[in-house]
Amino acid sequence: MWDSLIIKPFINTLLLIYNLIGKNFGVAVIVFTILIKAITHPLIARQIKSTKAMQDLQQDEDYLEMQKKYKNDKDRLAQAQMELYKKKGIKPFASCLPTLIQFPIIIGLYQSIIQTMGNAPLQVLTLVSKIDLWLSNLFSFIPAVQNPYSLIPLNNQFLWMDLSQPDRVYIPGIPFGIPVLAIFVVITSFLQNKLISPSGGDPQANQATGMMNIYMPLLMGWFAYSLSSGLALYFAISNVISLIQYAALGKYKLKDLFKKKEKQALKKPTA
Amino acid sequence: MKKNITILVLLILVLAATITGCTNNIGAASSWPGFSVSDGMAVLSYGSQIFAINTENGNRQWVYPSSAEKNVMFYAPAEIKDGQVLVGDYNHTLYSINSDNGILNWKFEGAKGRYVGSVLELNGMTYAPNADHSLYVVDSQGMLNWEFKTQGPNWSKPVADDQYVYVASMDHHLYALQLNYDAATLATDENGSKVLVSEPVWSVDLGTAVVSDPLLADGFLYVGTIDGELFKVNAASGAIEWTFEGDTKIKSIWTTPLIVDSSLYFGTEDGFVYALNVESGDTIWANPTSTGSQIVASGVALNGNVGFGTIAGNLVILDKNQATSPSITRDGGIYTTPIFQDGKLYLVVVGGDKLVYALDENGREYWAFSTKE
């Protein structure tokens, strides 16, 4: 079921893109990531809108007053918050739903890239068993589209990387390889988390958010460091596209990244 | 709150370890065991070591290396010949090991990629296909004599007659090369050594990659491709005699064809066994036999019958008239080509209790072997 609905279509689309754009798997991963991001854009847009509404609410006078008033009565506070959400037309879980819907897509994409990059017998066997001819037949009117079986083995070289291996750049005089892509993933994940994480309100929630803003980029960086660079490339491109999406839809400005959010939250209501 | 954060951090660490552990290539099985039998000895290449097994009783004779080494992985079947075991690993090293005691004779470390397929030893020369797009030919001391570069990885064991050696490559081509080259005729490689063969004797484009070993019989080569086509090629000229595609699209061919009593049998990745007339390439059966599971291992001749192992763990036995005998079944999957020699049928089964089974042709067990002591 999972294979038929997610993995096979993803793998065959990846192969078709690879077929169409010059048989370079790195470029295929980039184009495929852009394609998936474009398809899931309405979900992202809704998520950003909901997150922004929640962030704005936390700077609302009614909200801040309520926090002060019921600071010793958690049940009453929760009840009052729900009433305020209703009054303002905010659905607090609307920001979670798009994430939940995207989750299988992200996992499927991750698995598809791993399976497509395989260069050992078991991996190639798995890849071959998932090839369907219907998609390439559909595009057979394009002269560049070949039989997908003829694409194997795929060209995994992209820039300085073998996409099936972890990324390391060796510089003369430095005794170890530098994981350039992993460093890029850490930086872009950090920026992305900083932009999307809600600010203000509950200081404990802020503390947890702050921890997430540190640990999540490190986790993503660890994945990019230890897994094949094809996946690291996917993480990197995905982060860059997300940053563009947030900037375009959430009206974030670069200076927001360098502001202290707690201070921001406290200053605004009194302004 | 602190407790929640600690749990969160721990969860992240567990997730990181799980994902990287599940997907990292190093250490994970990326192929199936290689297995070969000769002169009363079986050699199993699986994971970080190769195991020499006494075929009489299934006892372990020796293990190489004696303790597992990081990054050394063996999956290619070994070539057992003239008192040595020749086998390549996934870390670009080809080993010659004394077959009596498991002591290393020599190592060839000139390749840059994995040894996936078996090497061929002929008249003191070792023909070693490598995934780095080269066929290396080394002498009996492990010194490189010559090298032939292809355009793709080479996973298939070469075959040879008294004139040429034949190499099937994942670059879609089948090549014929001379058995030996005079150094004066060789080109210079990037290190300035005169070792490169410039031109093959002939080559033929098969359209897609070849991952299985070709069969050489009576002056013809029989080879299947990843696209599910089977070719008969004239070994002297490289001319394609016939191509078999099947009435319905064959998914892909990972098996070496097998000729028994003038009929050619091969299994397919989508689980079918085909029988063809060797001369014409016409099908003998109205429909192929379905085994219900993927076939990756080549067939084995069993006293006039043929047996095909499936990844569901069944050895399906057929005769020329498509009549089936009861299958021999073990828990696990059969990816490695079964061998029938001196009255013993050797099955290598991955994912079950034991790894190697020595059976009679009815499936009764002589012995079973596990790599765990």
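**Figure 1. Burial and overall dimensions of chain B.** In this predicted model, buried residues make up 46% of the 373 residues in chain B. The C-alpha atoms of chain B fill a box of roughly 75 × 60 × 45 Å when the box is taken along the principal axes. A compact globule with 373 residues would have a radius of gyration near 21 Å, and the 22 Å of chain B therefore agrees with that expectation.

**Figure 2. Strands and contacts in chain B.** The secondary structure of chain B consists of 1 helix and 34 strands. Among the contacts in chain B with a separation of 6 or more, 43% are accounted for by residues 24 or more positions apart.

**Figure 3. The largest nonpolar core.** This core has 153 residues, and those with the most contacts inside it are Ala224(A) and Ala232(A) together with Leu44(B), Tyr166(B), Leu174(B) and Tyr346(B). Helix H11 (residues 229-249) of chain A contributes the largest share of this core, namely 8 residues.

**Figure 4. Surroundings of Ala232(A).** When neighbours within four places in sequence are left aside, Ala232(A) is in contact with Asp167(A), Leu181(A), Ala182(A), Val185(A), Ala224(A) and Leu227(A).

**Figure 5. Confidence along chain A.** The mean pLDDT of chain A is 82, with 85% of its residues reaching 70 or more. Within chain A, confidence is highest in helix H7 (residues 121-129), at a mean of 92, and lowest in helix H12 (residues 261-270), at 47. Over residues 261-271 of chain A the pLDDT is below 50, although this stretch has 14 contacts in the model beyond near neighbours in sequence. Where pLDDT is low, the predicted coordinates should not be read in detail.

Terms used. Residues are numbered from 1 along each chain as its sequence is written. Chains are lettered from A and ligands numbered from 1 in the order in which they are written. This is a predicted model: local features need pLDDT of at least 70, side-chain atom pairs count only at pLDDT 80 or more; totals for chains, interfaces and linings use all residues. pLDDT is the predictor's confidence in each residue, from 0 to 100. Helices (H or I, at least four residues) and strands (E, at least two) are DSSP runs, numbered from the N terminus. Two residues are in contact if their C-beta atoms, placed from the backbone, lie within 7 Å. The radius of gyration is taken over C-alpha atoms; the globule rule is 2.2 Å times the number of residues to the power 0.38. A residue is buried if 20 or more other C-beta atoms lie within 10 Å of its own, exposed if 12 or fewer, and partly exposed in between; C-beta atoms are placed from the backbone. A nonpolar core is a set of buried Ala, Val, Leu, Ile, Met, Phe, Trp, Tyr and Cys residues joined through C-beta atoms within 7 Å.
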